[in-house]
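Below is a short briefing on a model of a complex.

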Amino acid sequence: MTPLLQVEDLHVWFDLAGGGELHAVQGVGFTLEPGERLGLVGESGCGKTTTALAMMGLLPSSASAAGRILLDGKDVLAGGEATMRPHRWVDVAIVFQGAMNALNPVRTVGAQIEEALELHGVARGAAARTRVGELLESVGIPAQRAGRFPHELSGGMRQRAAIAMALSCEPKVLIADEPTTALDVMVQAQILELLDALCRDFGLALVLVTHDLPVVAQLCDKGVVMYAGRVAERAPVDDLYHRPRHPYTRLLFAATPDLDDLEQPVASIPGAPPRLDRPLAGCPFRPRCDRAFDRCETETPALTAWPDGSEAACHLDAAVPA
Amino acid sequence: MTQPLLEVDELVVHYPVPRGLVGTVTRKPRATVHAVDGVTFRLEPGQMVALVGESGCGKTSTAQAVMRLVTASGGAIRFEGRDLTSVGARALRPLRRRIQMVYQDPYESLDPRQRVRQAVAEPLVIHGLGGSRGQRDALVREALERVELTPPDLFLDRFPHELSGGQRQRVAIAAALVLQPVLLVADEPVSMLDVSVRAGVLSLLDGLKRDGLAILMITHDLSTAARFADRIAVMYLGRIVEEGPAAEVVRTPQHPYTKALLSVVPRRDPRERHAGLVLRGETPDAVRIPEGCRFHPRCPIAVPACRAADPQLGPTPAGHPAACIRIEESAA
C-alpha cells in the first residue's frame with residue numbers, strides 16, 4: 001500500500017555567501033499515513049525545519065533539493081515549482097512558530113482566511129464567509145471574532161487562527177513547525193489538544209517539528225530523531241523512550257528534566273553538533289557519543305532496521321545495547 | 001535574629017497604561033497594570049528560589065524590582081537588611097555590584113563586537129574595580145574558570161559568534177560573577193538554549209549555589225524548577241498562590257492552579273499520557289484583576305464564595321502555604 005506521504009533520501013544544500021555549500025539535509029526519509037502523527041525532533045541546526053520547508057516547496061532560492069517527496073505515490077519534488085504548487089496548502093499545509101509572522105498585521109483574521117479560500121477556489125463571497133466561521137470554530141475561536149486583527153488576539157488565539165488558515169483547503173498533511181515554542185505551558189497544552197483532536201476527528205496527518213522530546217512523546221505516534229542533517233533514529237515513540245537504539249536519543253532524553261523523575265540526574269551532552277559546510281567522516285555524533293568505538297571514526301553508519309521495527313544509524317548492535 | 005539575604009515583603013509593582021492622544025483628550029480614566037500585587041518571599045545564601053508562572057504573572061517584574069530596574073509602588077525589598085526601594089542612587093551603586101543578573105538570551109545580552117575578554121572585564125571597568133590591567137585579567141580568567149570555560153586562553157579572544165549558545169550563556173554568567181555578587185537573578189537562563197546543553201548551564205548554577213551564591217531564578221518551566229530549585233513560588237496574576245520546598249510543591253500541590261500547571265507539563269514517557277487538567281482561556285490581563293480570588297474565573301473547583309473572598313497564603317495539609325479557600329475542603 002502506498003503511504004500518504006513518503007520522503008525518500010531527501011538532501012538540501014544551501015549556497016553560502018562566501019562560496020561553498022552547506023549540506024543541511026543529508027538523506028532524510030520517513031513515511032506518514034492518514035491520521036498519523038509524526039514528530040521530527042532535534043536541536044537547532046539539525047535540519048528539521050529545512051526538511052519541513054522542502055516538503056512545502058518553500059526553500060529559499062539559495063537552496064537546492066534532491067531526493068523524492070511522494071504524495072499518494074506521486075513525486076512532487078522532481079518537477080520543482082510546477083509539481084509542488086498544486087499541492088502546496090491544498091494537500092500539505094504548514095503553521096510556523098510565530099503566528100504573528102504568518103498573519104498580515106493590517107488585515108482581519110477573517111479576511112485573510114477568506115482570501116486563502118478564494119485564492120484556491122475553495123469558496124467565494126457569502127459561502128467563503130460562512131466557511132471562515134466554520135474554520136475558526138473548528139480551532140476553538142468564536143466565529144464572530146473573524147473581524148479581529150491579529151494584534152487583538154492573544155498568542156494562543158493567533159496560533160489557532162494560523163492553524164485555521166492552514167486548514168482552509170482541507171489538507172491531508174499539516175506540518176507544525178515549533179507551534180507551541182513561544183507559548184505558555186497552559187496555552188501549549190490547549191494547542192496540543194487541538195492538534196490531537198484535528199488528527200483524531202478529521203484524519204489529518206501531522207508532522208510536528210520540535211526540539212521538545214516530551215511534546216513528541218505525548219502527542220505523536222512515531223518519532224524521527226535528527227542529528228547533523230541525518231536521521232539518527234526512527235521509531236514508535238514508546239520505543240524511543242523505553243528502548244532507544246541510538247545513543248543520541250538516550251542522551252537527549254537524559255538531558256531533559258522530568259517531573260515524574262526528580263531524583264534522576266540531568267546531564268547535558270558535551271560538545272556541539274558538527275559543521276555541515278564540510279564533508280563529514282565517520283559517524284557525525286561520534287565526538288559527543290559515550291559509546292563510540294574505532295569503527296565510528298571511519299564508517300558512517302547507515303539507518304538500519306532492528307527486528308522490532310525501530311531503525312537507528314548506529315554501529316552498536318543488539319549485543320551492545322545503546 | 002538572623003536576617004535573610006533578601007527579603008521581599010508585600011512588594012507591589014504597578015505600571016500606568018498610556019492613554020494615547022485620544023484617551024488624554026477625552027479624559028479617559030487612567031488604567032493601571034497590577035504587575036505585582038503583594039509578593040512576599042525570602043532568599044538565603046546558598047539557596048535557589050524559583051519564581052514560576054506563565055507570562056504576565058509578575059515574575060519578571062518581581063525580578064526587575066529586586067534589580068531596581070523598575071520602581072516598586074509599594075512594599076519593601078530588604079537586601080542584607082537595607083531596603084532597596086528607598087536607597088538613593090549613590091548608595092545603590094555598591095549594593096548593585098552584589099546583585100547581578102543573567103538574562104534569557106545570550107545572543108542579545110552580549111555585544112557582538114566585544115571579545116569574551118572585554119565582555120567579562122566590562123563590569124569591573126564600570127565599577128572601577130580590579131586595579132591594574134593585569135589584576136583585572138586575572139579576575140576575568142578566574143570568572144571564566146568558574147563557568148567552566150577552560151582553559152580561559154581558549155576563549156578570551158573569541159567573539160560571541162564564535163561560541164555555541166551554551167558557551168555564550170556561560171560568558172554572560174562569567175560577566176555577572178566577575179563582580180563577586182552574593183545574589184544572582186537569572187531570568188529564564190536556559191530557555192533559549194538547546195536541550196542538550198541546558199542541563200550543563202543549570203548544573204553550573206547549581207554548583208555556584210552550593211558555593212554559597214543565592215540565586216533567584218525566573219522560569220516558566222516547572223520541570224527545571226523542580227529539579228534545580230530549593231523552593232518554588234508559583235505566581236498567578238501578580239500574586240504568589242503557592243510556595244514551598246520544590247519537591248513538596250511538585251509532589252503535593254495544593255492550589256488548583258499549581259495542580260493544573262503540573263498536570264499539563266509534558267512527560268518524557270509516552271506511557272504517562274494522561275488528559276491533563278487543561279484550563280480554558282488565558283490569564284486575564286493585569287489591568288482588570290478579577291474580584292475575589294483572582295483565579296476563580298478559570299478555577300475548576302471555584303464556588304460562589306470565591307467571587308467574594310480574596311484568599312491570602314495560608315496553611316495547608318501538605319505543610320507549605322497556598323492561597324485558596326477551598327483547600328481544606330478539597331483535602332478532606
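Asp137(B) sits in helix 6 (residues 133-146) of chain B; helices (H or I, at least four residues) and strands (E, at least two) are DSSP runs, numbered from the N terminus. The model is predicted, and local features need pLDDT of at least 70, side-chain atom pairs count only at pLDDT 80 or more, while totals for chains, interfaces and linings use all residues. Residues are numbered from 1 along each chain as its sequence is written, and chains are lettered from A and ligands numbered from 1 in the order in which they are written.

**Asp137(B)**
- Asp137(B) counts as partly exposed because it has 17 C-beta neighbours inside 10 Å; a residue is buried with 20 or more other C-beta atoms within 10 Å of its own, exposed with 12 or fewer, and partly exposed in between, with C-beta atoms placed from the backbone.
- From Asp137(B) to Phe228(B) the separation is 91 residues in sequence and 32 Å in space, C-alpha to C-alpha.

**Confidence**
- The mean pLDDT (the predictor's confidence in each residue, from 0 to 100) of chain B is 92, and 98% of the residues score at least 70.
- Among the elements of chain B, the highest mean pLDDT, 98, belongs to strand 9 (residues 231-236) of chain B, and the lowest, 62, to helix 12 (residues 327-331) of chain B.
- For the complex, the predictor gives a pTM of 0.91 and an ipTM of 0.89.

**Contact between the chains**
- Contact (C-beta atoms, placed from the backbone, within 7 Å) involves 34 residues of chain B and 34 residues of chain A.
- On the chain B side, helix 8 (195-210), helix 9 (222-228), helix 10 (246-251) and helix 11 (256-264) of chain B each give two or more residues.
- Helix 8 of chain B gives the most, with six residues.

**Helices of chain A**
- Helix 4 (residues 109-119) of chain A packs against helix 5 (residues 125-138) of chain A at an angle of about 120°, with the axes 9 Å apart; axes are lines fitted to C-alpha atoms, for helices over the stretch in contact, and angles run from 0 to 180 degrees between N-to-C directions.
- Residues of helix 4 of chain A that meet helix 5 of chain A include Ile113(A) and Leu117(A), and those of helix 5 of chain A include Val132(A) and Leu135(A).
- Helix 6 (residues 155-166) of chain A reaches 17 Å from its first C-alpha to its last.
- Helix 6 of chain A is mostly covered, with 11 of its 12 residues buried, including Met157(A) and Ile163(A).

Terms used:
Contact = placed C-beta atoms within 7 Å. Expected span 1.5 Å × (residues − 1).
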